[in-house]
Amino acid sequence: MKTFCGRANPTTGSMEWLEEGEDYDYHQEIARSRYADMLHDKDRNVKYYQGIRAAVSRVKERGEKAIVLDIGTGTGLLSMMAASAGADFCYAVEVFKPMANAAVKIVEKNGFSDKIKVINKHSTEVTVGPDGDMQCRANILVTELFDTELIGEGALPTYEHAHKYLVQEGCEAVPHRATVYVQLVESKRMWSWKKLFPVHVEAEDGEKILVPPSEMENCPGVPSVCDIQLNQMPLSDFTTLSGVVTMFSVDFSKPVQSASTYYRVQLEPVKSGKAQIVLSWWDIDMDPSGMINCTMAPYWVKPTSALQWRDHWMQCVYFLPNEEPVLQGEKLYLTACRDEYSVWYNLQKAREGENKADEEHKADVCVESPVCRCRAHLLWNRARFGELNDQNRTHQYIKALRKVLKTDSVCLCISDGSLLPVLAHCLGAKQVQYFILFFRSWHFTNHLEDKIKIIETRPELLKPSHLEDKKISVLVGEPFFTTSLLPWHNLYFWYARTAVSTHLASNVTVLPQSASLHMMIVEFQDLWRIRSPCGICEGFDVQTMDDMIKDSLNFRESREAEPHPLWEYPCKSLSDPQEVLTFDFTKTVPQHCLSTEGSVKLLRKGKSHGAVLWMEYHLAADVSVSTGLMQMSNEKGICEWNPHCKQAVYFFSSVIESEILSEPTAVTYAINFDTKTGEIAMDFKL
């Protein structure tokens with residue numbers, strides 16, 4: 001059986017479906033999974049173990065046999081905890097076949113084969129009865145079905161089905177309940193991930209202000225949550241307008257409803273400001289008394305408790321449909337609406353004389369899920385909004401455009417959803433052509449529909465008639481393309497530039513004129529955990545899982561770099577940043593591969609977890625933008641990363657610890673850019 005997998009093609013700028021062997025999808029799923037992260041989550045594992053022991057004890061005290069149903073067992077860890085806590089039998093359900101096979105091996109290796117049955121099915125397909133998958137209904141329900149939003153992985157319908165068909169009435173549940181908390185904040189930084197701000201351009205004929213179109217300004221956006229490591233967001237980047245409020249909770253020991261509903265709470269702002277963002281997180285009580293609690297609360301909520309780092313559960317940023325000015329002490333109602341898989345929020349002001357009871361009875365129908373009307377929220381992700389709103393970055397492009405544009409410039413822009421054509425026109429370009437199928441409205445709003453021509457074709461299909469038989473004197477690009485996953489995928493600009501070369505004037509100016517690939521060896525504070533073997537977890541041998549991840553990472557090809565937004569994942573540089581490859585956009589893409597070999601010296605003590613790679617674009621003389629390192633403190637090697645881009649991380653298969661630097665230690669590298677595929681292969685030796 002063959003599998004079709006979507007993959008970005010950097011040479012065409014589009015997603016393509018490639019035929020792969022049936023194992024490919026499995027290996028990708030395992031290699032990029034968060035299983036290692038969960039196994040390293042000490043707080044989660046300890047609390048689950050405590051909760052399971054307590055649940056088994058309560059059942060035994062009632063004189064009953066403890067029969068456990070573990071849905072989404074993964075490695076089988078929670079079932080083994082239950083068996084070692086004295087459970088009589090465990091049914092461990094896992095839908096992902098390679099994972100179920102691994103669970104069987106892990107259970108056997110730890111000596112629990114007689115107490116645990118692994119069922120390779122979706123829990124909704126599990127049967128109960130003498131000839132069924134389960135002999136009888138369970139009286140202890142153990143699950144770990146949660147994501148950052150709590151319900152995004154289908155926890156509610158799974159619980160609903162389990163209570164109807166798989167567990168006894170009044171069963172014990174671990175976790176026993178989940179509670180969702182919210183806090184209302186004002187944050188220009190986070191709001192810039194949803195709204196496009198006006199752009200100020202200093203032109204020769206005075207300042208021009210480019211305003212987004214009204215349909216974008218009034219668009220509610222999309223309901224998808226923005227999940228981030230809020231613990232990396234400094235307090236200076238937001239203002240809390242309310243205290244922390246309990247939004248809703250779910251008791252997993254009772255029947256659960258997955259049907260769409262809403263929850264409403266009354267808020268009184270502790271500060272006046274602009275309500276823009278709802279920050280949210282949850283905690284789980286592993287027992288009915290709430291004594292065994294596992295929380296995702298960010299650092300400012302519980303400043304005294306030690307924070308457990310985890311990447312499988314983070315915190316949520318929700319954007320209100322519109323900015324709402326609020327006054328300290330006034331009554332507000334915050335409504336959380338949810339369907340089976342997602343949550344979204346609305347804020348309303350209480351009318352005079354209205355109390356909470358009136359408000360509760362007023363709305364029986366759940367507020368509809370927001371729908372993007374401007375298409376920008378469908379085209380751009382949160383980071384892209386932030387990038388377009390980054391005034392320092394925009395200023396660099398304006399500075400570069402000023403250097404290269406003349407009043408008679410015929411300008412062609414190749415980038416997705418870019419402001420460059422508008423900036424080029426404002427700075428005096430006579431004629432601007434633009435490859436894009438979207439964003440006309442921006443031009444109309446700024447009365448540029450007759451100044452900027454949108455060419456609805458691909459670069460290789462460009463004809464002289466598209467350009468009114470003129471030659472392009474200035475070719476510009478950020479470059480940014482929505483299909484790009486890794487930093488070098490935006491080199492599609494180079495391929496597009498090559499495709500249109502017959503339409504370029506002999507003295508054409510290309511902006512950016514070149515790009516360079518940079519690299520640095522780092523020690524991660526925590527991110528290393530997602531690729532680090534676990535070995536023994538809470539006394540159970542999970543080496544089989546480690547081997548499985550390792551095999552998948554090495555499957556078919558050399559290990560690959562993977563994209564991560566490093567502003568969320570602190571690291572320390574162990575080497576200086578090094579330029580390793582350059583790409584000259586003034587020339588066409590060469591036929592031969594671009595290769596480099598060399599070594600990078602380790603200058604600081606620490607563990608070499610991997611290499612970080614990023615692109616820098618040289619727009620014009622002395623004007624560059626970086627998609628990676630923005631700043632580094634030389635003493636400690638603390639790095640500041642571009643917050644709008646994902647950097648490429650190549651995790652080393654073994655970690656070198658440099659404690660003494662009296663003898664210089666170096667990492668050797670070989671990097672190859674295949675011009676036929678647009679991909680970069682790399683190899684590092686410690």
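Arg384 lies over the face of Phe480, at 3.7 Å from the ring centre; a charge counts as over a ring if NZ of Lys or CZ of Arg is within 6 Å of the ring centre and within 35 degrees of the ring normal. The model is predicted, so local features need pLDDT of at least 70 and side-chain atom pairs count only at pLDDT 80 or more, while totals for chains, interfaces and linings use all residues. Residues are numbered from 1 along each chain as its sequence is written, and side-chain values use heavy atoms, leaving out hydrogens and water.

**Parallel sheet**

- An open sheet is formed by 5 strands in the order S5-S4-S3-S6-S7, with parallel pairing; strands (E, at least two residues) and helices (H or I, at least four) are DSSP runs numbered from the N terminus, and two strands pair if DSSP finds at least two bridges between them.
- Strand S5 (116–119) and strand S7 (167–174) stand at the edges with a single partner strand each, so one side of each has no neighbour in the sheet.
- From one strand to the next, the twist averages 25°.
- Strand S3 (residues 67–71) pairs with strand S6 (residues 138–143) in the parallel sense over 4 bridges, and Leu69 stands opposite Leu141 in S6.
- Helix H3 (residues 42–61) lies across S6 and S7 and runs at about 145° to S7; axes are lines fitted to C-alpha atoms, for helices over the stretch in contact, and angles run from 0 to 180 degrees between N-to-C directions, contact being heavy atoms within 4.5 Å.

**Aromatic residues**

- The structure holds 24 aromatic pairs, in which ring centres of Phe, Tyr or Trp (its six-membered ring) lie within 6.5 Å, with planes under 30 degrees apart stacked, over 60 edge-to-face and the rest tilted.
- The rings of Phe112 and Phe540 have centres 6.1 Å apart and planes at 55°, so this pair is tilted.
- Phe112, in the loop between helix H5 (97–109) and S5, is 428 residues from Phe540 in strand S27 (residues 540–541).
- Both Phe112 and Phe540 are buried, that is, under 20% relative accessible area, against over 50% for exposed and in between for partly exposed (1.4 Å probe, protein chains only).
- One aromatic cluster comprises Phe146, Tyr159, Phe252, Trp282 and Trp313.
- Arg189 lies over the face of Trp567, at 4.4 Å from the ring centre.

- Ala297 is located in the loop between strand S16 (293–295) and strand S17 (315–326).
- Ala297 is buried, its relative accessible area being 7%.
- Trp281, Lys302 and Leu307 are touched by Ala297, not counting residues up to four places away in sequence.
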